[in-house]
Amino acid sequence: MTKKDFQIFITGPAGSGVKSAGKFLQKLLNTYYHTFGSVGYYSLIKGGRNYFCLRISQTPIYSNTYKSDLLVALNKDCLFGYLDRLKPKGILILDNTVYSSLTDTEKEKLKQYKLMTQEFIEKAKEKQILPISYLLVIIGFLSKSLSVSLKKAQSTVKKNYSKAPSHIIESNKKALQLGFELNKDLKIGVEPIRRSTTNKVIDCAYASSLGFIKAEGKIFTAYPMTPSTPILHYLAKMKKKYKIIVRQASTEIEAVGFAIGANWAFARTLVATSGGGLDLMGEFISMAGMAEIPLVIINAQRPGPSTGLPTWTDQGDLDLVKAIGHGEFPRIVLAPYDAKSSYIMIQQAFNLAEKYQTVVFVLLDKHLTTSLFETKKQDITRKIPIERGKIDKNPKLDKNGFYPRYRVTEDGVSPRPILGHPQSIHITNSDEHDIYGFSVEAGNERVVQHSKRLLKEKTILKKEYTPPLKLIANKGADIAVVSWGSTMGAVYEALTKLGTKTQNFTYYHFTWLYPLNYVDLTRKFSRYKKVILIENNASSQLRKELERANIKVTKTILKFDGEPFFVDTLYNQLAKIIRKTDK
Amino acid sequence: MKVNPQEYKSPIVPTWCPGCGNYIINSMLMQALSELNYHPHEVVLVYDIGCNGNGADKIRANVVKSLHGRPIPVALGIKYAREDLKVIAIGGDGGLFWEGVAHLIATAQRNEPIVVLAWDNEIYGLTTGQSAPTTKKGYKTPTYPEGTPYEPLNPIALVLSTNAGFVARTYTGDPLHLKETLKEAISYEKGFAFVDILQNCATYNPTVSYYRERVYRVKKPFKTKEEAIKASLSFEKIAIGVLWKE
Ligand SMILES: Cc1ncc(C[n+]2csc(CCOP(=O)(O)OP(=O)(O)O)c2C)c(N)n1
Ligand code: SF4
């Protein structure tokens, strides 16, 4: 029987290499199929239950399903921890040492699956394969049933682990070969759709890093915090090639203060963090608002409050980025939803930050920074033209010897003089100030400058506001389905599938989250009888914004267990709501 | 051609109390910079919040007035973006040694290429005289009317224990010494230059005569870290001058 779609779920304890073996398999299979891969891991270094969930398909895919067609578990704990992710009658692959460690009642529980046990480890030992390569025996085993040739697998392993010492590469190759030999009768049955591709599989941490380079970013600084850390690691590896500076800060406060200083001095500087780290940056964010300094911050969300679930996913920080930093000042919030949009939006974020001399947040989350998205080469090479905003290259001092940094203008944006010019001496002030940056006390100057800063928000709305993407449009639909950020993949797929049964919905996805044009939204949504809002949080944070546009959210689909949405379960939820109301 | 110190003159009149040491630091800073032949546009001063930070618009240079305790990271970012500029971070004892002490320690440990000037009046000036990390034990403040219960922090010993390349102490009771020390710090090119300026707070902590009786000048930096640290530990005989230079 041939299938269109197949999901492999590999789980093992931390340290067993599940993540890197899974990524390797996805890279390998991406040659032949569309793929989507995500990782799950615990906040520990050894033990626990890590997983790599790899879906392959004959048609483009953007997410995982909850249920898998095949499960590999490297120990008993992982097996029962994730057995529910396997479909009834799904294929279960275990090493015979794992199987023989089970009690009879445990074995009984496995009856409903197609069990395959193999002497992976024993045979690997016999062939003197290094323990570090054991998992690749299983990868080889699976590859054989997925139209991969041993030669292809071995050459990919060489490329993929190019930095590893040669004896490890040899061991990896032997492991793959053994896997191929052991696989006598595993049937997967998804026909390949191609023989080669230039498409890459990358995560959004990598895509953002590339976007930063494309934006002519000069400095990256961060304090390590999952799930933003991959960006630090990627850029640290790229720094020589692209001649950028990468600095590990001693605190998040140092990171953001550093970025404020460097951006003030016209070096495009990026900071990345996650919720708790962002909390620490609040006061400096407020300073960027007052002193009118460009600032771009990536906030890779994880479930809070507090330390929360460090290695899982969530969309709980929308309220935070809308509000962080005391006082009133303009800000922009962008939310990418895949690798391509991450790559583009980092570039846009720098343009916006410099044009409006204020803070721009880019909201990612664990699902985005660690999942592997199939991405076309041209999608991560496109350059958004650099716009640096109003820069005065021929500055002139006023009679008092200072350049009027905070001159009042029609759009609220005052030119920034180039730095280090004899005619550009100026004060940048976190205190309320006059047009020269001199500190002032209560009174009219405050009113003038505060109004000037807030005017920038109006300009942003007029010139930059991006309405939600209409990803699926059905004429005359009564229902609007709404989402933002990383949920797009699952929502889009679920709705596409539902579209074969009913067309009574239109799908809007927000990538520009703040500030919103409420008048535009009111107009767009007035025709819908029902609005379904989907978010990876518990309190439906986008709803508050929609309500400000008089949009009544009739139904929310919320998930806050630390996992992203899955196509299959989300489809069931949506089908129930939408078909019930279908005319 | 020599730079005229008048280039650094701001039209804004200072609002410090009569007798405040900040007047002296401010004018010695202008003189030091001009004597070193820096023009104002080649200099970036990053200020803390406090009486010290109220000096931000009382000098004519490129200035960023940052946040309480946070001038150091901002100064560092500027320096990394523009190596060619002379970047100086200025803060009070409250800001540098408590609120933002992590920045002081981390940048000193990494011997980052900026100058940090502590305007150390051993008191919270702007917030009307509360105890500071360098307030002497027993000194009566609005927070501790019965007397500050803690031994003070020793900023020089603290910074000496890191890898800072340049560590000096001076005081507002001797303007010329102050100026010369600033000049040495500002011209230091091998990393982190820290100057603890014992500053008279005329209103909440007058210290001119206290220090006049106790200071002694160190003519040359100590040869070993041990000697420098040892000298820095005494509050009875207070060493001023460049104590450490790598
Ligand atoms: C985050 C924050 N906390 C508190 C304050 C209030 N505040 C302003 S200056 C200051 C302390 C001033 O003492 P110091 O740093 O020694 O400087 P001085 O005024 O003595 O020069 C404080 C607590 C502030 N501005 N910001
Ligand atoms: S309170 Fe002290 S430090 Fe502040 S201006 Fe007055 S004398 Fe100077």
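Over all chains, the count comes to 48 salt bridges, a salt bridge being a side-chain nitrogen of Lys or Arg within 4 Å of a carboxyl oxygen of Asp or Glu. Helices (H or I, at least four residues) and strands (E, at least two) are DSSP runs, numbered from the N terminus.

This is a predicted model, in which local features need pLDDT of at least 70 and side-chain atom pairs count only at pLDDT 80 or more, while totals for chains, interfaces and linings use all residues. Residues are numbered from 1 along each chain as its sequence is written, chains are lettered from A and ligands numbered from 1 in the order in which they are written, and side-chain values use heavy atoms, with hydrogens and water left out.

**Salt bridges between the chains**

- The rule finds three salt bridges across the interface of chain A and chain B.
- In the pair E254(A) and R110(B), the closest N and O atoms are 2.8 Å apart.
- Side chains of opposite charge can pair when their charged atoms come close.

**The interface of chains A and B**

- In chain A, 37 residues are in contact with 33 residues of chain B, where contact means heavy atoms within 4.5 Å.
- About 2800 Å² is buried between chain A and chain B, and carbon and sulfur atoms give 66% of this area. Buried area is the accessible area (1.4 Å probe) that two parts lose on being put together, summed over both.
- Between the two chains, 12 residue pairs are in polar contact, both residues being at pLDDT 80 or more. A polar contact is a pair of N or O atoms within 3.5 Å; within protein, one must be able to donate a hydrogen and the other to accept it, and residues adjacent in sequence count only if both atoms are side-chain atoms.
- On the side of chain A that touches chain B, at least two residues each come from β9 (245-248), α11 (252-264), α12 (275-291) and β17 (427-429) of chain A.
- The largest share of that side, seven residues, is supplied by α11(A).
- By class, the side of chain A that touches chain B holds 18 nonpolar, 15 polar and four charged residues. Ala, Val, Leu, Ile, Met, Phe, Trp, Tyr, Cys and Pro count as nonpolar, Asp, Glu, Lys and Arg as charged, and the others, Gly among them, as polar.
- β17(A) pairs in the parallel sense with strand β2 (residues 62-65) of chain B, over three bridges; two strands pair if DSSP finds at least two bridges between them.
- Opposite I427(A) stands V63(B), in β2(B).

**Ligands**

- Ligand 1 lies between chains A and B.
- It is surrounded by 17 residues, the closest being C51(B), N52(B), G94(B), G95(B) and N121(B). A residue is near a molecule or strand if one of its heavy atoms lies within 4 Å of it.
- An oxygen atom of ligand 1 is 2.7 Å from a polar backbone atom of C51(B).
- The residues around ligand 2 include C51(B) and N121(B).
- The shell around ligand 2 has seven nonpolar, three polar and no charged residues.

**Backbone details**

- The peptide bond from G304(A) to P305(A) is cis, with omega near 0°.
- Y514(A) and P515(A) are joined by a cis peptide bond with omega about -5°.
- K89(A), in strand β5 (residues 86-95) of chain A, has a positive phi near 70°.
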